[in-house]
Amino acid sequence: MKILNLYACLGGNRYKWDEVTDIEVTAVELDEELAKLYKERFPNDKVIVADAHEYLLEHYKEFDFIWSSPPCPTHSSFQHSMKNKRKMKYPDMKLYEEIILLDNFFNGKYCVENVIPFYKPLIPAKKRHRHLFWTNFNLPNDLTYRNPPNITRIDNELKSWIKFYNYDITKYKGKKDKRRLFRNMVDYEAGKTILETAVGITRKQNVKQKTIFDES
């Protein structure tokens, strides 16, 4: 299965995909330092340093499954809570551009993930845990999420995240907040469950099509 993993970061969602099926993953990440660390974690993946949004538009036809996690700050409830304290920004509509593109023109299975926004989503989504998912297949109600650290009740948040994801992010030398990188990651058990669901549906569809072909 050819998979495109957009805004790949450290590959939180991708961590257990190898347990699901044979995969060939192309990961796209703009931050060169994150891309380097991703490659260390997943040496068999093809890692491209590029604008994920543009890469999707140019290459979506080449894949069987696409996962996209566009930047979420302008959609988050935190953005709304700061409305009287900072200069506002327009919500980044790249999120909806990608959903519309994939839903209307992509022949494979896709999953677009983002935070629960401060407004009613412009396109209906599936709410699971603290995330929204836009997919062209049904998701299980239980994505086998593990309970993440309660960041309001711990003194050393970064250490708790490192233990939770079993990854030493102190190797990251880029400009992004290490804690925020962890907070924005999708738990790898959920990532595995979503891919398993997409693969299972695809296999059933292929069997059905083969049966129809054989009967004809």
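Residues are numbered from 1 along each chain as its sequence is written, and side-chain values use heavy atoms, with hydrogens and water left out. Because the model is predicted, local features need pLDDT of at least 70 and side-chain atom pairs count only at pLDDT 80 or more, whereas totals for chains, interfaces and linings use all residues.

**View 1. Arg14 in the loop between strand 1 and strand 2.** Arg14 lies between strand 1 (2–6) and strand 2 (24–28), where strands are DSSP runs of E of at least two residues and helices are runs of H or I of at least four, numbered from the N terminus. Arg14 is buried, because its relative accessible area is 3% and buried means under 20% (exposed is over 50%, partly exposed in between; 1.4 Å probe, protein chains only). Not counting residues up to four places away in sequence, Arg14 touches Asn5, Ile23, Val25, Tyr38, Phe42 and Asp45, contact meaning heavy atoms within 4.5 Å.

**View 2. Helix 4 and its buried residues.** The end C-alpha atoms of helix 4 (residues 94–105) are 16 Å apart, which agrees with the 16 Å that its 12 residues should span at 1.5 Å a residue, the expected span being 1.5 Å times one less than the number of residues. Its buried residues are Leu95, Tyr96, Glu98, Ile99, Leu101 and Leu102, and these pack against helix 2 (52–59), strand 4 (65–68), strand 5 (109–115) and strand 7 (131–135).

**View 3. His59 in helix 2.** The C-alpha atoms of His59 and Leu4 are separated by 9.1 Å, although the two residues are 55 residues apart along the chain.
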